[in-house]
Amino acid sequence: MGSFRGISVAIFVVQVLLASVVLVSAQGSTTARPLWQTLSGDAPFVVARGGFSGIFADSSFGAYSLALLTGPSDVILWCDVQLTKDGAGICFPDLKLDNNSNIASVFNDKPTTYLVNGVSTQGLFSIDYTLKDLGKNNVFLSQGVYSRTNKFDGQNYPIMTVQDTYTQLKPLGFWLNIQHDAFYAQHNLSMRSFLLSLTRNAAVTIDYISSPEVAFLQNIAPIFRRSATKLVFRFLGQEDVEPSTNQTYDSLSKNLTFIKTFASGIIVPKSYIWPVDGSLYLQPSTSIVLDAHKGGLEVFASEFYNDVPFSFNYSYDPVAEYLQFVDNGIFSVDGVISDFPITPSAAIDCFAHLGNNASKQVDLLVISNNGASGDYPGCTDMAYEKAIEDGVDVLDCPVQMTKDGTPICLGAINLIDGTTVIRSGFSNLTTTIPELMQGSGIFTFNLSWSDIQTLEPVISSPQSQFKLFRNPKFKNAGKFLTLSDFLSMAQNASSLHGVLISIENAPYLAEQGFGVTDAVLNALSKAGYDKQTAQKVMIQSSNSSVLMKFKGKANYQLVYKVDEDIGGAQSSTIEDIRRFASAVVISKDSVFPVNSAFLAGATDVVQRLQAANLSVFVQTFSNEFTAQAWDFFSDATVEINSFYAGAGINGVITDFPKTSDRYRRNRCLNRGNKTPSYMTPVQPGSLLQLVTSEYLPPAEAPNPYLTEADVVEPPLPPVAAKTPTSTPSGTASAPRSPNGQPKVAASVIAPLMALLLAIYLLF
């Protein structure tokens, strides 16, 4: 099977690459480390299920190679073994070939129906095709998880035999999972005979063999009793029935002494260890890991996927989930089985055992976005308290004005976006104001502060179109704060470096009689911020006229926000910005432009702004995997690392401060050429280069340049002595972008990625 077109070239490239990867991974691993709470006392293993199957087709040469490239030197490659009609063992994720390959388009065969563990199952089964059938007819692997990108299916990866997988990739650890021995036996095919033949092949070393079938492991145990190969019993769903004992797996989990008679370890779904309730919140851990260790059994936890919603306790942060299993102070599993091996590799080597007082390794400013708005409703006391607890440097307050002239902290001027106003007695106040937004809204200046206090906050869920919601148990928790309340809270937080006050829509508000800049200046003065130096004050706006109003007022740092994606900035524009600001906020897309959820390349915006002595902060970082390009492997830490270590930004603006704060404390930073591959920034545009022409998305026009006309504004108008007015209804004009063109709604990304032949370009 390994002789298929193109694979020999790929083998040569990857073998050269893997030699350097092993060296880098070995150099990057930590030597001095506290004793792990695993059975052996050593660090847990990372097992790559089907390779890096979260990106490339499961069991493909590309998936296995990317796993070796991004994992530790001892990463274990997992192969689900299936048998063909002529008894050949292949690496393929399922009995049926139709979901993870193009076999249905190659053969016109009708699906066959077989009993699998007593269940009637229909499909194109491996037992109906010989190895030659699959090879000569160009049956290729494809991405079998439909929520993941299929853009790499054009690489035409062949189905590989078990022998070819090992000899071509030469992993330091090799794991064979035998899921359906009983099924193959019913069709006169013997997994035992296949394994015997494999053991006689001196070129193949098997480190682990797992199966959910007791009888199979008991049958092969004598073969491997004197070898280094470990047998592992795999637990399935707790209510599923193990065929040879007719017991549920839950029942067997309470009889580990019996399991020890034929196995040295167990695989359990992660829910066996840390159960979740029906609302996806963590329950107390079970004793299964401690019980297994007491009985001398290793424990491997399975079903780790970065791109599948897990417990809300992890705030969509996959690193946090792995740490719960390997660094909880009570126990550690002996290994994790993952579709995204880069994430557990970093969790184990870079983040485990950091403790609460780990020092910062890099100078990356962490600025909140409406507080910790990923965990609680934005701009509430709870969101701000969580952000402070999570290590934020700068706490932000987007200032809005109420009807009675009170400055408050709220993420949007439209109350519909973050409150229950639409379900209140104020729902009849809906108006349309084209100068502020498209469509209608109920605005903060339509209600008094006492009115707003009667409303409940609502947590934002920007990825709700993908059914990814934030912390539903606390979706209406917390209280709104005035700017004065916010400043008082910040002053009492000794860990804060400063506050960021964001001001938008000031020209319109002035025309309606609301002096937002004066209100902010007064609140800062009353709180003593115009005199104290313990915490710095940052004033942010997309209106240069606002920042000019603050210029020379106390020692405030002025931050200019570019409110559109840009592809560059004219030199004269940068000089204009320097007249009124010392820092700039830009979007992620202005650093790494995105095309169809792939990074299309990198701009020089960060470097040019920094060359003019302007700090660059980038927004908005979110943990949900659908908020990230495929290139970041559905891992917020990979994204942050690529923006900091790759693009050199000065700070992040984030909904989840804890993830960013933990990143800058990890022990894998500042290692120079000893940096492990899993803490190396991705190379923007590299994944897109691996997409073949038939799958390549159309090229997109570059983002516009920021010009002087976009930045220079007339002074703020004087505050009018009149009450706010609004248009009753009508069609709103489209907001304008920096180049004067109407905004176009950006398509939403839906992540996951990867591939090879040029895979070294990724890092």
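A disulfide is taken here as a pair of cysteine sulfur atoms within 2.5 Å. The structure is a predicted model, in which local features need pLDDT of at least 70 and side-chain atom pairs count only at pLDDT 80 or more, whereas totals for chains, interfaces and linings use all residues. Residues are numbered from 1 along each chain as its sequence is written, and side-chain values use heavy atoms, with hydrogens and water left out.

A search of the whole structure finds 3 disulfides, and when the bonded cysteines are numbered in sequence order the pairing reads 1-2, 3-6, 4-5. Helices (H or I, at least four residues) and strands (E, at least two) are DSSP runs numbered from the N terminus, and residues are called buried under 20% relative accessible area, exposed over 50% and partly exposed in between (1.4 Å probe, protein chains only).

Cys397 is joined to Cys409 by a disulfide with an S to S distance of 2.0 Å. The torsion about this S-S bond, linking Cys397 and Cys409, is about -105°, so the disulfide is left-handed. Cys397 belongs to strand 15 (residues 394-401) and Cys409 to strand 16 (residues 407-409), 12 residues apart, and both Cys397 and Cys409 are buried. Cys379 is in no disulfide, the nearest cysteine sulfur being that of Cys409 at 6.0 Å; with 0% relative accessibility, Cys379 counts as buried.

In the disulfide of Cys79 and Cys91 the sulfur atoms lie 2.1 Å apart, and the link is left-handed, with -105° about the S-S bond. Because Cys79 lies in strand 2 (residues 76-83) and Cys91 in strand 3 (residues 89-91), the pair ties together parts that are 12 residues apart in sequence.

The sulfur atoms of Cys350 and Cys668 are 2.0 Å apart in a further disulfide, for which a torsion of about -95° about the S-S bond means that the link is left-handed. Cys350 lies in helix 13 and Cys668 in the loop between helix 23 (657-663) and helix 24 (686-689), so this pair ties together parts that are 318 residues apart in sequence. Helix 13 (residues 342-351) is itself mostly covered, 10 of its 10 residues being buried, and is followed by His353, whose phi is positive, near 65°.

In helix 7 (residues 191-199), the buried residues include Met191, Phe194, Leu195 and Leu198. Viewed down the axis of helix 7, its buried residues fall within an arc of 95°, so they line one face of the helix, the arc being that of the directions from the helix axis to the C-beta atoms.
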